[in-house]
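Me: I am new to reading protein structures. Please take a close look at one part of this one and walk me through it in short steps.

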Amino acid sequence: MVAPERRARADLIAAAAIAVVVVLATGVIWLRSDARGTTSITAETPATPADTALSIPESVTEIWRADSASTGRPVVAGGAVVTAEGGAVIGRDRDSGTQLWSYTRDLPLCGVIGAWNSVVSVYHDGRGCGAVTELAGADGARVAQRSSDADDAVVLSEDGTYVTSRGMDRMELWRSDLVRTLEFGRVDAPVNPNTQPRSGCELVASASSSTRLAVLERCPDEPADRLSVLNPAPKDNTEPDEYGSSVLADLDPGVTGAKVLAVAGDRTAVYLPAGPSTGARVGVFDGSGTPIAMHPVPADVSADSKVVKVGSVYSWWTGSRVITLGATDFAPRWTIEGAIGPGALMAGQMLVPVDGAIAVHDLSTGAEVRRIAVERAGEQAPITTAVVGTVLLEQRGDDVVALR
């Protein structure tokens, strides 16, 4: 029979050994976890929702600016203005630019976008641009995270329902809890072969709505870009559900360099450059990818052209002008020459950046109402714009500038 004191001593040794194992295991998990290289500081006082502006100011001046190389346009979420640089995402007071919250990782940012009153921040790790964190816009609290295989560079977009992360070879769509609804192109884990409709294609452009995803693909041995229209949330996220797919050479054998402009409902607008037998056009395609309308447009469209929704129209900045397209039929409405960015909506009117000013346009007719002088110190196009309350935001290169 073992003496009680010897048994107690053995129990203590065993407990100590278990404690050491637990500590070591916890340390290994921490060393390998995202938390090790992450600093999160939430807001003591969260941002409040901004009141809608009731009028356009007669004049504006710069009230603050901040570095934000990782945002392609001003990001507004939960009443805060969000800037991003290096590995840091910062929520700022819209009136002063003062930091409200921050989220920093020891990884480079691939991009940051606002969606669902949150901020979706995509970082580059050993699997590409696939380390994703969703932060509440008002206070910077973590909402959701995900990690998956991705390309080394991605383009982020959102439609109010889904966020799209598109690389050259692979793309994903996420819903508001960052659960993936669709995997397209090169697959994450190719357990089931032949689940993708094609392989080896370059993904050159995309846009989405709550019911349709339109993708332009450049596939080997095909004479022109291919337009594919898909379900953004099929039953199995690894098996795309195509409503239709066709090579755009069927419209004009010489067409190359097309661009998806926007998707509204089940309609898709695509810019089709001039070909041997046709001029440049905006093609409108139905829910299965069948062309239903063609609208002539000027041919001088730059590679970095941008499209944003502005009230009842889509504002398409081509590089030298804005062409507005109807929000449902995509028919061209009016043109604003000399624009240096697509603009934004404020107090029911369209504000478009032009050299040395902001042009105010009537949203129903396109007529210019007046101009507001702005000193931009030689900063170059494109300038993208957002409005939060009475503050006008401009992304000028790597800076976000607040005006009021």
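Reply: What follows starts with one arginine, then turns to rings and a sheet. Keep in mind that this is a predicted model.

Start with R226. You will find R226 in strand β17, which covers residues 226-230. Is R226 buried or exposed? Its relative accessibility is 13%. Buried means under 20%, so R226 counts as buried.

Now look at what the side chain of R226 touches. Another polar contact, of 2.9 Å, links the side chain of R226 with that of S245. Which residues does R226 contact, once neighbours within four places in sequence are set aside? The list is R198, V215, L216, E217, C219, S245, S246 and V247. Notice that S245 is in this list, and that S245 is also the partner in the 2.9 Å polar contact.

Other arginines can be viewed against rings. The charged end of R212 sits over the ring of Y243, 3.9 Å from the ring centre. R105 lies over the face of Y123, and here the distance to the ring centre is 5.3 Å.

Next, rings with rings. How many aromatic pairs does a search of the whole structure find? The search finds 3. One of them joins Y271 and W316. Their centres are 5.5 Å apart, and their planes make an angle of 55 degrees. That pair is classed as tilted. Y271 belongs to strand β20 (residues 267-272), while W316 belongs to strand β24 (residues 313-317). The pair therefore ties together parts that are 45 residues apart in sequence. Both partners can be checked for burial. Y271 has a relative accessible area of 5%, so Y271 is buried. W316 has a relative accessibility of 0%, so W316 counts as buried too.

Last, a sheet. It is an open sheet of 4 strands, in the order β2-β33-β32-β31, with antiparallel pairing. Which are the edge strands? They are β2 (62-67) and β31 (383-388), and each of these pairs on one side only. From one strand to the next, the twist averages 20 degrees. Follow β2 to its partner, strand β33 (residues 399-403). These two strands pair in the antiparallel sense over 5 bridges.

Terms used. Residues numbered from 1 in each chain as written. Predicted model: local features only at pLDDT ≥ 70, side-chain atom pairs only at ≥ 80, totals over all residues. Heavy atoms only, no water. Buried < 20%, exposed > 50% of the residue type's maximum accessible area, 1.4 Å probe, protein only. Polar contact = N/O pair within 3.5 Å; in protein donor to acceptor, adjacent residues only side chain to side chain. Contact = heavy atoms within 4.5 Å. Phe/Tyr/Trp six-rings, centres within 6.5 Å; stacked < 30°, edge-to-face > 60°. Lys NZ or Arg CZ within 6 Å of the ring centre and 35° of its normal. Pairing = 2+ DSSP bridges. Axes fitted to C-alpha atoms, helices over the stretch in contact; angles between N-to-C directions.
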